[in-house]
Amino acid sequence: MRDIPATEIIKTLIEHEKENNTFIRHYEDVRFKITQINVTLSVLLIGASRFGTLQSSKILLSAFIIILGVHGVLVCAKYTERADRHAVISRAYRQALSEFVGNFDDTTLEEIHQNASERHRSHKNVTGIFVNIRARWFWAAVHFAVVILGIFVAIT
């Protein structure tokens with residue numbers, strides 16, 4: 001095996017961690033865009049269902065609204081799975097980097113990360129109530145609300 005300079009190993013580990021973090025942000029952006037599109041289409045369809053001339057098509061419009069909501073839940077679930085995959089990979093690179101670099105100033109990179117995460121969790125402010133709630137549930141809740149709106153349109 002050839003000798004690889006430590007700086008190259010560190011650089012490679014950092015780049016791979018950054019790349020996976022970029023994927024995580026990308027999947028969050030996709031969830032946002034899908035949510036934005038589905039909610040906008042649902043609102044337009046709800047408005048259309050209220051026109052007297054489209055009353056006979058109300059069931060079809062409500063079915064499409066429900067499909068948009070279900071589609072949104074499924075897309076959010078898939079992109080959440082993809083983001084989780086890249087988060088696991090990113091953590092592995094961070095851990096490998098921490099092990100490779102070792103201790104400095106009586107700590108490791110991983111300990112710095114864990115300590116900062118704990119400080120974040122322990123903040124007692126208004127947003128602290130959301131620390132244990134994953135953002136994925138908010139995205140899913142929006143799409144479940146679209147399903148419920150579709151059902152409401154169908155029965156009213």
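A search of the whole structure finds 7 salt bridges (a side-chain nitrogen of Lys or Arg within 4 Å of a carboxyl oxygen of Asp or Glu). This is a predicted model: local features need pLDDT of at least 70, side-chain atom pairs count only at pLDDT 80 or more, and totals for chains, interfaces and linings use all residues. Residues are numbered from 1 along each chain as its sequence is written, and side-chain values use heavy atoms, leaving out hydrogens and water.

- Lys18 pairs with Glu15, their closest N and O atoms being 3.3 Å apart.
- Both residues lie in helix α1, 3 residues apart, about one turn of the helix. Helices are DSSP runs (H or I, at least four residues), numbered from the N terminus.
- Lys18 is partly exposed, with a relative accessible area of 45%. Glu15 is partly exposed too, at 39%. Buried means under 20%, exposed over 50%, partly exposed in between (1.4 Å probe, protein chains only).
- Asp29 and Lys33 form a salt bridge at 3.0 Å, N to O. They sit 4 residues apart in α1, about one turn of the helix.
- Asp29 is partly exposed at 34%, and Lys33 is partly exposed at 44%.

**Other salt bridges**

- Arg136 and Asp84 meet at 2.6 Å, N to O. This pair links distant parts of the chain: Arg136 in helix α4 and Asp84 in helix α2, 52 residues apart.
- Asp84 is partly exposed, with a relative accessible area of 28%.
- Lys78, Glu81 and Arg82 are linked in a network of salt bridges.

**Packing of α1 and α2**

- The axes of α1 and α2 come within 9 Å and cross at roughly 170 degrees. Axes are lines fitted to C-alpha atoms, for helices over the stretch in contact, and angles run from 0 to 180 degrees between N-to-C directions.
- α1 is therefore roughly antiparallel to α2 (an angle over 145 degrees).
- Their contact has 29 nonpolar, 12 polar and 5 charged residues. Ala, Val, Leu, Ile, Met, Phe, Trp, Tyr, Cys and Pro count as nonpolar, Asp, Glu, Lys and Arg as charged, and the others, Gly among them, as polar.

**Largest pocket**

- About 500 Å³ of space lies in the largest pocket. A pocket is an open set of points on a 1 Å grid over the protein atoms alone, where a 1.4 Å probe fits, with protein on both sides within 12 Å along at least five of seven lines; lining residues have an atom within 4 Å of a point. The volume is the space filled by probe spheres set on the points, which are joined across faces, edges and corners.
- Of the 18 lining residues, Ile24, Asp84, Ala87, Arg91 and Arg134 are the closest to the centre.
- α2 gives the most to the lining, with 7 residues.
- The lining divides into 6 nonpolar, 4 polar and 8 charged residues.

Definitions and conventions: Helices (H or I, at least four residues) and strands (E, at least two) are DSSP runs, numbered from the N terminus. Angles under 35 degrees count as roughly parallel, over 145 as roughly antiparallel, 65 to 115 as roughly perpendicular and the rest as oblique.
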